[in-house]
Amino acid sequence: MSAVTDAARVPRAAGGMGQSVRDSLVVAKRNLIRMSRIPEMIIFGLIQPIMFVVLFTYVFGGSMKIGDTTDPQVYKNFLMAGIFAQTVTFATAGAGAGIADDMHKGLIDRFRSLPMARGAVLTGRTIADLVQTALTLAVLAAVGLLVGWRPGSVAPTNFGKILGAFGLLLLLGYAFTWIGALIGLSVRTPEAATSGGLIWLFPVTFISNAFVDTGQMTPWLRHVADWNPFSATVQACRKLFGDPGLSPSEAWPMQHPVWASLIYSVLIIVVFRTLAVRKYRNATA
């Protein structure tokens with residue numbers, strides 16, 4: 001332990017932004033290789049969102065009222081933006097568990113003993129999670145098309161707008177992985193990181209416009225949902241996909257969902273990256 005501690009005191013090589021980028025990419029590559037050697041992680045990560053698509057579509061599809069209709073086809077087109085957003089945010093738990101596992105095994109101490117940029121370990125981890133999330137979104141979009149999701153069902157869209165919507169989703173997912181990183185650095189075991197990474201996500205995702213029309217909520221709950229950062233990204237995706245169910249609320253995030261989604265995601269990255277890197281500097285396994 002003393003050897004590790006002494007090594008951690010070795011002066012770091014100066015390298016600036018270029019060194020930080022190179023270190024982050026090296027760590028990201030290491031995490032991607034590790035993920036590819038454990039295919040169960042990817043497979044199980046895909047099964048859950050696919051189950052949500054199938055269950056919500058076929059179990060709730062005929063009973064959910066969107067606007068003035070309970071047409072199952074309308075609900076399919078309404079649902080997918082919410083499922084996409086839920087999927088990218090639930091990746092938070094995996095990021096937290098991965099970092100907690102590295103902490104538990106002493107890997108973080110070994111990284112800190114190397115002359116690396118201070119934020120590179122966490123940035124590399126979040127980049128690797130972003131790649132996995134992009135793969136999950138691609139598979140989920142294919143499943144959505146198979147069950148009947150049709151972009152442009154109520155408003156015109158195009159390839160650029162669809163790419164923009166997926167870009168907002170990935171930015172939201174990347175922002176939430178920094179919350180997961182902070183949780184992973186703050187707990188003692190991967191199991192605690194998994195629980196801590198999920199428990200707060202349920203109210204965030206369900207008190208929103210993801211699965212139901214917020215017009216059916218009580219006024220105070222609708223107000224919370226309208227200002228929920230998660231709702232802003234869902235509303236932006238529905239707008240860009242040309243899907244039904246846009247909220248008519250006069251709340252600013254609902255009137256300007258693309259800008260609101262960008263601002264919320266950037267703010268989350270700035271705040272939680274700062275907190276996570278600070279925690280990383282002081283963390284011990």
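# Briefing: rings, charges and contacts in a predicted model

Arg125 and Asp129 lie four residues apart in helix H6 (residues 120–147), so about one helical turn separates them. This is a predicted model. The pair forms a salt bridge. The structure also holds 13 aromatic pairs. The points below take these features by topic.

**The salt bridge**

- The count of salt bridges comes to one.
- Arg125 and Asp129 form a salt bridge, and their closest N and O atoms are 3.3 Å apart. That is within the 4 Å cut-off for a salt bridge.
- Side chains of opposite charge can pair when their charged atoms come close.
- Arg125 is buried, because its relative accessible area is 4% and buried means under 20%.
- Asp129 is also counted as buried, at 6% relative accessibility.

**Aromatic pairs**

- Two values describe a pair of aromatic rings: the distance of the centres and the angle of the planes.
- The structure holds 13 aromatic pairs. One of them is Phe84 with Phe241: the ring centres are 6.0 Å apart and the planes stand at 55°, so this pair is tilted.
- Phe84 lies in helix H4 (residues 72–104) and Phe241 lies in helix H11 (residues 229–241), so the pair ties together parts that are 157 residues apart in sequence.
- Phe84 counts as buried, at 0% relative accessibility. Phe241 counts as buried too, at 0%.
- Phe176 and Trp200 form an aromatic pair that is stacked, with 5.8 Å from centre to centre and 25° between the planes.
- This pair links distant parts of the chain, 24 residues apart. Phe176 is in helix H7 (residues 159–186), while Trp200 is in the loop between helix H8 (190–199) and helix H9 (201–206).
- Phe176 counts as buried, at 4% relative accessibility. Trp200 is partly exposed, with a relative accessible area of 23%.

**An aromatic cluster and a charge over a ring**

- Phe52, Phe56, Phe90, Phe202, Phe206 and Phe211 form one aromatic cluster.
- Arg238 has its charged end over the ring of Phe78. The distance to the ring centre is 3.6 Å.

**Phe84 and Ala85 in helix H4**

- Phe84 is found in helix H4, and Ala85 has its place in helix H4 as well.
- Not counting residues up to four places away in sequence, Phe84 touches Leu137, Leu140, Ala141, Trp149, Phe166, Leu169 and Phe241.
- Phe84 and Phe206 are 122 residues apart along the chain, and their C-alpha atoms are separated by 14 Å.
- Ala85 is buried, because its relative accessible area is 0% and the cut-off for buried is under 20%.
- Ala85 touches Leu169, Phe230 and Val234, again leaving out residues up to four places away in sequence. Leu169 is therefore a contact of both Phe84 and Ala85, where contact means heavy atoms within 4.5 Å.
- Ala85 and Thr205 are 120 residues apart along the chain. Their C-alpha atoms are separated by 8.4 Å.

**Ser20 in helix H2**

- Ser20 is found in helix H2 (residues 16–37).
- Ser20 is buried, with a relative accessible area of 18%. The cut-off for buried is under 20%.
- Leaving aside neighbours within four places in sequence, Ser20 is in contact with Ala117 and Ala120.

**Exposed residues and a surface patch**

- A nonpolar surface patch of about 660 Å² is made by Ile43, Phe44, Ile47, Met51, Leu55, Val59 and Phe60.
- Val59, one of the patch residues, is found in helix H3 (residues 39–59).
- Val59 is exposed, because its relative accessible area is 53% and exposed means over 50%.
- Ile199 is found in helix H8. Ile199 counts as exposed, at 63% relative accessibility.
- Ile199 and Ala93 are 106 residues apart along the chain, and their C-alpha atoms are separated by 9.4 Å.

Definitions and conventions: Residues numbered from 1 in each chain as written. Predicted model: local features only at pLDDT ≥ 70, side-chain atom pairs only at ≥ 80, totals over all residues. Heavy atoms only, no water. Patch = residues over 30% accessible without salt bridge, like charges linked within 9 Å, V, L, I, M, F, W, Y side chains within 5 Å. Areas by Shrake-Rupley, 256 points an atom, 1.4 Å probe, with all protein chains shown as cover. Salt bridge = Lys/Arg side-chain N within 4 Å of Asp/Glu carboxyl O. Helix = DSSP H or I, 4+ residues; strand = E, 2+ residues; numbered from the N terminus. Buried < 20%, exposed > 50% of the residue type's maximum accessible area, 1.4 Å probe, protein only. Phe/Tyr/Trp six-rings, centres within 6.5 Å; stacked < 30°, edge-to-face > 60°. Lys NZ or Arg CZ within 6 Å of the ring centre and 35° of its normal.
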